2 protein chains.
Amino acid sequence: MIDLTLPQPYLLFIGDMTIARFAKTAFGLRDWAPERCVGECVVSASAVTTGLPRMTPADARKAGARSMVIGVAPVGGEIAPAWIPTLVQALEAGLDLISGMHTRLASVPELAAAANQTGRRLIDVRTPPPGLSTGTGRKRSGFRLLTVGTDCALGKKYTALSLTREFKKRGVPVDFRATGQTGILIAGGGIPIDAVVADFVAGAAEVLSPAAAAGHWDVVEGQGSVFHPLYSGVSLGLLHGTQPDVIVMCHEVGRDAVLGLPDYPTPNIPEAIELTLRLARRTNPQVRCAGLSLNTSQLDAAGAREVLAEQRRVLGIPVADPLRPGAELNHLVDACLQG
Amino acid sequence: MIDLTLPQPYLLFIGDMTIARFAKTAFGLRDWAPERCVGECVVSASAVTTGLPRMTPADARKAGARSMVIGVAPVGGEIAPAWIPTLVQALEAGLDLISGMHTRLASVPELAAAANQTGRRLIDVRTPPPGLSTGTGRKRSGFRLLTVGTDCALGKKYTALSLTREFKKRGVPVDFRATGQTGILIAGGGIPIDAVVADFVAGAAEVLSPAAAAGHWDVVEGQGSVFHPLYSGVSLGLLHGTQPDVIVMCHEVGRDAVLGLPDYPTPNIPEAIELTLRLARRTNPQVRCAGLSLNTSQLDAAGAREVLAEQRRVLGIPVADPLRPGAELNHLVDACLQG
């Protein structure tokens, strides 16, 4: 049994960050996992705030916190020297440290020494859990939904989070299953699927969405795209290992070429749905596409309404932008749940 | 620049193995890479022989050997205590040690100590080289052929080796590019593609078959199958990263379900070719399937002839068993090279 759970609730470390967009992880956790956050911790009074109560690590520990999450990502992804005394304090107060940064926590000598002395853990969520293997290919009980895409980085995580939230509102038993670092912090656990040994991707997907009660849904965060020449292997392994009952295709308006490769056009949406379903049928012949999640963040409200309506006409399936709640999103959720 | 080259020529270590089928690696190297082998080394006079001259590590070093390859794989994949003195002698004689076994060489304390003292290397070919990354997706010069399959473990390596040999016979400039441990030893280098971090599979494939002279062929050993639910991700990453100009589909007569998963039937061959080509077009729109490599090892000569002819009629493309040379194999090679 591989335990994917992170120690929680969290204290969110903001450090000395004064620019909100570099504290995305902290804001994401406040927005998507408020029940996992007891407060925030700064090393400078002028740092941005999530609005959660400011606490020392010791006070947070008393309030029930079990770990401190580095909620900021400065340019370069390095751990700043000014943070280190407070990070050490957290370990001494009995909190584990969790990071999604490029620099590994244990590579900072002061942190390695303090963790060793206190017996606390340094957890890098970019590192897969030990014990993964090739998997079994066996059918599992419960339902699974996987967000897939015409490309990387266009809304698969937000779509999965939004659908999870909507399922919950309707009283449907559901878990969000995370495959990337931000998602893992929000979910309180998960597997960074692109960091797994290639042979174990499908097996990792099986561990991530295990057999569940009948009627329970796992909503799995997709990674990459089977159409992205550099990341297609991760996406197909995740698709086959998840054995989704439902896929939701994700696309961004105006994304004409795949991330980083201007010579590779994004596929057209009907083709993307058809090929993804064909591949997915290999492990779940009953898989269906519930609809399209369209990222319209480049458009104003009127423009978004228009393009959503247009795509609905063309595709004949529900089309919604999960960041614009309303009737469209309700229709997409209806289509996911009608089985 | 990542150097994939193993130190060679090799001395083949047979140890005390008396059963030929557990010395497959040694026999494979003798058959497919005789130019890389200077001799064999045993610890018991009753061991099987490859027919190569028996030598001590010191004599092999004098004859030009640069490494000793463990050419046997006993049940369990462990390094036997009886071998260790000779393995240490090899390091002391100035040879590196190379292994494709499950047990890592450095996990044997005597070998770790001797390597440390002598400055020789302990090379596990199951371990990918350092420095791999996500790749670029850019088109590379030269031609690439990839062997693909309806399943794992049905002849993709032998097909690639046979085609490489046939290309050479015709004076075509060609390199065999290995993706698994046995192939890596035969090629004198390569990348164990299924042990690479998932995100780097396509990038590793780019490193494995770099830009080459116009008219040069890289014949790349396929791994897994896009139809195998547990290994499809590796196969698609390798397919997209290799950007093959030509694929050769491999199948085994009588293989009705994929390896280890009796509930998953192997795809029918025309569907396997069509879907693999469709996926491959994403990175090389000109890709074509030159023919089918059919493993007929379960049949006698007459039965094989019959099934090869039958498949040729059904598929309308060259069909050959590379272990049964003759007109069929020549036709398959013709089809690979006609561009």
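**Interface and sheet**

Reply: Between chain B and chain A about 3000 Å² is buried, 52% of it from carbon and sulfur atoms; buried area is the accessible area (1.4 Å probe) that two parts lose on being put together, summed over both. In chain B, Leu230(B), Arg278(B) and Arg282(B) lose the most area to chain A, together 23% of what that side buries. This is a predicted model: local features need pLDDT of at least 70, side-chain atom pairs count only at pLDDT 80 or more, and totals for chains, interfaces and linings use all residues. Residues are numbered from 1 along each chain as its sequence is written, chains are lettered from A in the order in which they are written, and side-chain values use heavy atoms, without hydrogens and water.

Me: How many salt bridges does the rule find across the interface of chain B and chain A?

Reply: The rule (a side-chain nitrogen of Lys or Arg within 4 Å of a carboxyl oxygen of Asp or Glu) finds 2. Glu274(B) and Arg278(A) form a salt bridge through their side chains, at 2.5 Å from N to O.

Me: What is the strand order in the open sheet of chain A?

Reply: Strands of a sheet pair through backbone hydrogen bonds, either parallel or antiparallel. Here 6 strands, with parallel pairing, follow the order β7-β8-β6-β9-β12-β13 (chain A); strands are DSSP runs (E, at least two residues), numbered from the N terminus, and two pair if DSSP finds at least two bridges between them. The edges are β7 (174–177) and β13 (319–320) of chain A. Strands β9 and β12 of chain A are joined by 7 bridges, and His251(A) stands opposite Leu294(A) in β12(A).

Note on methods: Helix = DSSP H or I, 4+ residues; strand = E, 2+ residues; numbered from the N terminus.
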